[in-house]
Amino acid sequence: MFDLTGCAFRFGNVVGPRQTHGVGFDFLRRLLVDDAKLTILGDGGQSKSYIHVSDVIAAVMTAAQLSESPFSTYNVATGDYITVTEIAALAIVAAGSSLERTQIHYTGGDRGWRGDVPIVRLNTDRIRDLGWSNVMNTREALSSSLDALLVDFKNGNLSL
């Protein structure tokens, strides 16, 4: 009736500068206080995709410009995955520690918290069919995010 169009998106776990929560944020904050130990909720095998905010913006802009139907839905994710234990290793290195120094403790179970989905896989064919592709993979997105967070913590922009 009003000739409006729209798109709906489901994003993988979005990471990037100035984030204030999430597993990478939590790990880094704890490691900067005490890098001798790190507690991981669950068994560390939870596996998900993490996407950099710059790739999310590019996907939204691509869909806004190229989507031909009046309403479309898109999953936006990197297509690769990482476990929580692997994220802990990235955070330990970003904090300036080592896997030999930091003792990891697991709380057990396949979920990090009540309601957590331990494995998430998103089919991104629809957004990729428009020509979008992520620039950073999951590890690169997380590493970039952790580096930015480290600067913010050290500059006092985020509190420990």
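Residues are numbered from 1 along each chain as its sequence is written, and side-chain values use heavy atoms, with hydrogens and water left out. Because the model is predicted, local features need pLDDT of at least 70 and side-chain atom pairs count only at pLDDT 80 or more, whereas totals for chains, interfaces and linings use all residues.

The protein contains five helices and eight strands, where helices (H or I, at least four residues) and strands (E, at least two) are DSSP runs numbered from the N terminus. In sequence order these elements form the pattern β-β-α-β-β-β-α-β-β-α-β-α-α. The C-alpha trace spans about 60 × 35 × 25 Å along its principal axes. Of the 160 residues, 39% are buried; buried denotes under 20% relative accessible area, exposed over 50%, and partly exposed in between (1.4 Å probe, protein chains only). The accessible surface amounts to about 9100 Å², with 53% belonging to carbon and sulfur atoms, as computed by the Shrake-Rupley method with a 1.4 Å probe. Among contacts (heavy atoms within 4.5 Å) with a separation of 6 or more, 89% link residues 24 or more positions apart.

Two packed helices are described by the angle between their axes and the distance between the axes. Here the axes are lines fitted to C-alpha atoms, for helices over the stretch in contact, and angles run from 0 to 180 degrees between N-to-C directions. The axes of α1 (residues 23–33) and α5 (residues 138–154) come within 10 Å and cross at roughly 45°. The two helices are therefore oblique to each other, given that angles under 35 degrees count as roughly parallel, over 145 as roughly antiparallel, 65 to 115 as roughly perpendicular and the rest as oblique. The crossing of α1 and α5 is right-handed, meaning that the near helix is turned clockwise from the far one by less than a right angle. Gly24, Phe25, Leu28, Arg29 and Leu32 of α1 make the contact with Leu146, Leu149, Leu150 and Phe153 of α5. These residues comprise seven nonpolar, one polar and one charged, where Ala, Val, Leu, Ile, Met, Phe, Trp, Tyr, Cys and Pro count as nonpolar, Asp, Glu, Lys and Arg as charged, and the others, Gly among them, as polar.

For α1 and α3, the axes come within 9 Å and cross at roughly 45°, which makes α1 oblique to α3. This crossing is right-handed. Val23, Gly24, Phe27, Leu28 and Leu31 in α1 meet Val84, Ile87, Ala88, Ala91, Ile92 and Ala94 in α3; the contact consists of ten nonpolar residues, one polar and no charged.

Val84 is located in helix α3 (residues 84–94) and is buried at 11% relative accessibility. Beyond residues up to four places away in sequence, Val84 touches Val23, Phe27, Ile40, Gly44 and Gln46. The C-alpha atoms of Val84 and Gln46 are 5.7 Å apart, although the two residues are separated by 38 residues in sequence. In helix α2 (residues 53–66), Thr62 is buried, with a relative accessible area of 15%. Apart from neighbours within four places in sequence, Thr62 is in contact with Ser67, Leu130 and Trp132.

Most residues other than glycine have a negative phi. Asp3, in the segment before β1 (6–11), has a positive phi near 60° and is exposed at a relative accessible area of 74%. Arg18 lies in the loop between β2 (13–15) and α1; its phi is also positive, near 65°, and Arg18 is exposed at 67% relative accessibility.
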